[in-house]
Amino acid sequence: MRVGPSGGRGGGSGWAVRAAQTGLSCGVTAGLLLHDTDLQRQLEQGQPLQPLLFTLLVLSSIVLYFVVSLMNPGYVEDDGGDGKDSMTGEEKAKTLFSEAPNIRLRRCGYCMVKQPLRAKHCQACQQCVRRYDHHCPWIENCIGERNHPLFVLYLAVQLAVLLWALQVAWSGLNFRSFSWLWLQCHLLLLLSFLLLLVCTVIATLLLGSHLYLVSCNTTTWEFMSRHRISYLKHCKAENPFDQGVLLNLWRFFCACRLMAWEKLYPPEESELV
């Protein structure tokens with residue numbers, strides 16, 4: 001399988017970003033445990049349960065980060081030039097709606113594979129990705145059909161970590177005794193609190209926007225670039241893949257299979273893809 005220089009199996013820049021994410025998470029966690037916060041006070045009182053749970057939650061977010069960052073987001077395999085469809089035998093066996101109608105698909109001008117519906121070529125990964133959502137520079141990987149559910153789960157766990165960390169950091173900041181000496185002693189904790197606050201706002205917006213898009217069965221790329229996507233701008237339906245909120249959510253989080261999106265595309269529009 002072809003792998004781009006900065007994709008899920010990425011090179012030095014990818015590992016630098018992942019190391020920065022891991023170091024930042026561990027550093028902030030250590031700071032919250034070492035400063036005079038609720039977590040440290042509980043440790044001093046011989047009550048390690050909440051500090052242990054907080055640490056495990058942080059470790060869970062780090063593990064999810066690496067899983068999403070390193071896994072195959074749904075790279076399109078070479079179709080062998082048969083011109084009929086772009087799915088390998090293994091992919092067909094794991095695909096819902098595998099009996100898709102004969103829709104004319106375009107061939108990628110970069111990697112020359114036959115693109116399934118909703119796939120897009122990622123310039124960073126140098127490969128086509130199924131149900132392409134976006135390329136995340138902080139994850140250093142594409143978000144596609146295979147890893148998008150785990151990406152949403154990662155955002156949810158990360159937001160829980162950030163909200164808890166905000167409460168812990170605030171518990172160590174007593175502004176009633178503010179002085180220059182206080183500022184020198186609490187500067188790192190104050191900076192950590194501000195960083196956590198910014199990250200919490202970003203994570204909340206990201207999670208909210210992705211849950212909305214998932215509930216509509218659309219992607220960031222489709223939402224932002226509908227006017228440039230042939231199978232959407234020529235389609236009479238506003239969103240040909242929307243099957244209702246509940247079914248959209250169930251298939252996104254629970255189906256655990258690739259989808260032949262051509263099956264859901266209106267037959268009368270098939271020649272315009």
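Are Trp-221 and Tyr-231 buried or exposed? I looked them up in this predicted model and found both buried.

**Confidence.** I noted a mean pLDDT of 85 for the protein, with 82% of the residues scoring at least 70. Residues 1-10 stay under 50, and the model gives them 39 contacts beyond four places in sequence. Residues 81-86 are also below 50 in pLDDT, and that stretch has 13 contacts beyond near neighbours in sequence.

**Aromatic pairs.** I counted 11 aromatic pairs. In one of them, Phe-54 and Trp-164 sit edge-to-face, at 5.3 Å centre to centre and 75 degrees between the planes. I checked where the two belong: Phe-54 is in helix 3 and Trp-164 in helix 5 (residues 148-171), so the pair links distant parts of the chain, 110 residues apart. Phe-54 counts as buried because its relative accessibility is 1%, whereas Trp-164, at 22%, counts as partly exposed.

I then went back to Trp-221 and Tyr-231. Their ring centres are 6.4 Å apart and their planes lie at 70 degrees, so I logged the pair as edge-to-face. Trp-221 is in helix 7 (residues 220-224) and Tyr-231 in helix 8 (residues 230-233), so the pair ties together parts 10 residues apart in sequence. Both residues also belong to one aromatic cluster, together with Tyr-132, Phe-241, Trp-261 and Tyr-265.

**Surface.** I found a nonpolar patch on the surface made of Leu-49, Leu-52, Leu-53, Leu-56 and Leu-59, with about 480 Å² of accessible area together. Leu-49 is in helix 3, which spans residues 49-70.

Terms used: Residues numbered from 1 in each chain as written. Predicted model: local features only at pLDDT ≥ 70, side-chain atom pairs only at ≥ 80, totals over all residues. Heavy atoms only, no water. Patch = residues over 30% accessible without salt bridge, like charges linked within 9 Å, V, L, I, M, F, W, Y side chains within 5 Å. Areas by Shrake-Rupley, 256 points an atom, 1.4 Å probe, with all protein chains shown as cover. Salt bridge = Lys/Arg side-chain N within 4 Å of Asp/Glu carboxyl O. Helix = DSSP H or I, 4+ residues; strand = E, 2+ residues; numbered from the N terminus. pLDDT = per-residue confidence, 0-100. Contact = heavy atoms within 4.5 Å. Phe/Tyr/Trp six-rings, centres within 6.5 Å; stacked < 30°, edge-to-face > 60°. Buried < 20%, exposed > 50% of the residue type's maximum accessible area, 1.4 Å probe, protein only.
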